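Hello,

Please find the structure below, followed by notes on what was found in it.

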Amino acid sequence: MRNDARVVLGVLVAAVVVTGCGSSAPHPDPTASGTLEQLAARADCTPVVSTDSAELRQANCTTKDGRYVLATFATDRGQREWINEAKDYGGVYLVGRKWVAVGEQPVVTALHGRLGGSVETGTTHSGH
């Protein structure tokens with residue numbers, strides 16, 4: 001009977017270690033979603049809308065961290081096509097589901113903390 005208790009205890013300890021139960025490690029916030037205005041509010045920006053169409057809404061934003069462009073898209077495909085074309089011009093892109101923020105690296109890093117998403121880098125054309 002004592003061996004059974006040790007086996008059960010061993011399994012429980014292993015489960016806690018493997019799953020991280022009881023860990024104080026921070027859980028990352030999920031990537032933001034919403035309208036252009038909702039994303040801008042979360043990023044602490046008052047958007048100045050420059051494009052307002054069914055497929056794309058785009059605004060210029062300025063915060064204490066710097067200036068950037070925030071864009072939302074009607075479709076995932078439209079977003080990916082926009083990013084693929086824009087990357088030819090360089091820059092740093094913070095990408096969420098159906099939205100993109102484009103700016104200098106320090107600005108995008110600050111936005112990443114507020115909006116989540118993944119960071120992509122445009123093509124560098126140095127030496128041309």
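**Salt bridges and the disulfide**

Glu120 forms a salt bridge with Lys87, their closest N and O atoms lying 2.7 Å apart; the term covers a side-chain nitrogen of Lys or Arg within 4 Å of a carboxyl oxygen of Asp or Glu. Glu120 is in strand S6 (residues 118-121) and Lys87 in the loop between H3 and strand S4 (92-96), so the pair ties together parts that are 33 residues apart in sequence. Helices (H or I, at least four residues) and strands (E, at least two) are DSSP runs, numbered from the N terminus. Glu120 counts as buried, at 16% relative accessibility. Buried means under 20% relative accessible area, exposed over 50%, and partly exposed in between (1.4 Å probe, protein chains only).

This is a predicted model: local features need pLDDT of at least 70, side-chain atom pairs count only at pLDDT 80 or more, and totals for chains, interfaces and linings use all residues. Residues are numbered from 1 along each chain as its sequence is written, and side-chain values use heavy atoms, without hydrogens and water.

The whole structure has eight salt bridges. Another one joins Arg57 to Asp52, at 2.9 Å between the closest N and O atoms. Asp52 is exposed, with a relative accessible area of 56%.

There is one disulfide, a pair of cysteine sulfur atoms within 2.5 Å. Its partners are Cys45 and Cys61, with sulfur atoms 2.1 Å apart. The torsion about their S-S bond is about -80°, so the disulfide is left-handed. Cys45 is buried at 7% relative accessible area, and Cys61 is buried at 2%.

Regards
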